[in-house]
Amino acid sequence: MRFVRIQGLGLVPPLVLLAAGFLAGGRLGAVIVAVSAVALLLALGAAFAAGSTPRASLRRTLPDHPATAGDTIEIAVEGDIALAWPLALARLEDEPPSPLDAARPGEWRLGGHLRQHYRFTNVPRGVFPFRNCEIALRDALGLVQRRFRVELPGSLLVYPRRIAVPLGRRETQAQGDQEVVRGTRDFLPGDRLTRLHAARTAQRGYPQVRESTPPPARTCSLQLQCPGASPENVELAISVAASLAESLLAAGFDVGVAAEGISLPPGHGRDQLVRILAALAEADARRIAGTRLPPPLPDAYGELWLIAAGEAALGPEPPEPAVFVPVGAELRAPAIGSLDGLVAWAGRWAP
């Protein structure tokens, strides 16, 4: 908590007027004294309205779902502070984490109800922890102001930018309902008649049905290598990885990710997408650009998709079987110079 802070001349003007009123005497002096006393009462009431230990109940409303880099995010903070002096003005000011811009303070409100509503435009990727709010109290004349902090933790998660990637013939492989016949067995009550195997039934002399299993999972891992890349190209590579991961998972692949500080084994479904996007949201672009050695691949990584920026994008394509995805705003096609260029790259790339 901060001590009382005097604004401008603070209590000097009303004290001077008070002294002048006593010296003047008469009706004029009485009016001056009365005005000065009211000003002093308002100032002292605001200074001590919240008591020595202020009691505030605040809540911050963040987006229900993780945002995406480039979005506009609206945040609201509201609540109440216990005031023993009802004529005090109060204002709420949230303290957003760096590098988010400072929030515009809320309006001065009479009484103990507080509210602040603000927005961020074009938010960057990352995880942004909130910690405190600041409450200011003052009198109507602005003579005295008191400020103190209130702990109000929270976290804002912003996923990397993504774009839908057409995967061409690879999408036709994502047929989870196709089955591979691995044998037959005797017909059992409840089996569908469409599963009868005519030739095997004729051979065995008793109805036989097909036993099938879905095709084995198709697995791939995205590996980010960006030694010496600019911050813009690292961010582009992260967005490319997020876009490919989302599109490959939608196509039925098991997808993993390997980058500096990230090692996610291949998985499938919505939960895996959330894990990948959260990990890429927290990825440290400086560490990725400052590491020359390729990050280790997770276990059972499957097919390798190498997303290369910086020196890795300028070198020869990897000798081992891999899908090479060069990224760099300064590179020529078929390298990916923007997120929209990923769609064009996918259209030219033949699996």
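So, which residue in β9 is the bridge partner of Gly126? Val158 is.

Before I go on, this is a predicted model, where local features need pLDDT of at least 70, side-chain atom pairs count only at pLDDT 80 or more, and totals for chains, interfaces and linings use all residues. Residues are numbered from 1 along each chain as its sequence is written, and side-chain values use heavy atoms, with hydrogens and water left out.

Back to the strands, which are DSSP runs of E, at least two residues, numbered from the N terminus; two of them pair if DSSP finds at least two bridges between them. β8 (residues 126-138) runs antiparallel to β5 (residues 89-94), with six bridges joining them, and Leu92 sits opposite Ile135 of β8. With β9 (residues 144-159), β8 is again antiparallel, through twelve bridges.

On a 1 Å grid over the protein atoms alone, a cavity is a set of points where a 1.4 Å probe fits but cannot get out, a pocket is an open set with protein on both sides within 12 Å along at least five of seven lines, and lining residues have an atom within 4 Å of a point. Points join across faces, edges and corners, and volume is the space filled by probe spheres set on them.

The whole-structure search gives one cavity of 30 Å³ or more. The largest cavity is about 60 Å³, and its lining includes Cys226, Glu260 and Arg292.

The largest pocket holds about 330 Å³. It has 17 lining residues, with Arg161, Glu232, Glu235, Leu236 and Ser239 closest to its centre.

Notes: Helices (H or I, at least four residues) and strands (E, at least two) are DSSP runs, numbered from the N terminus.
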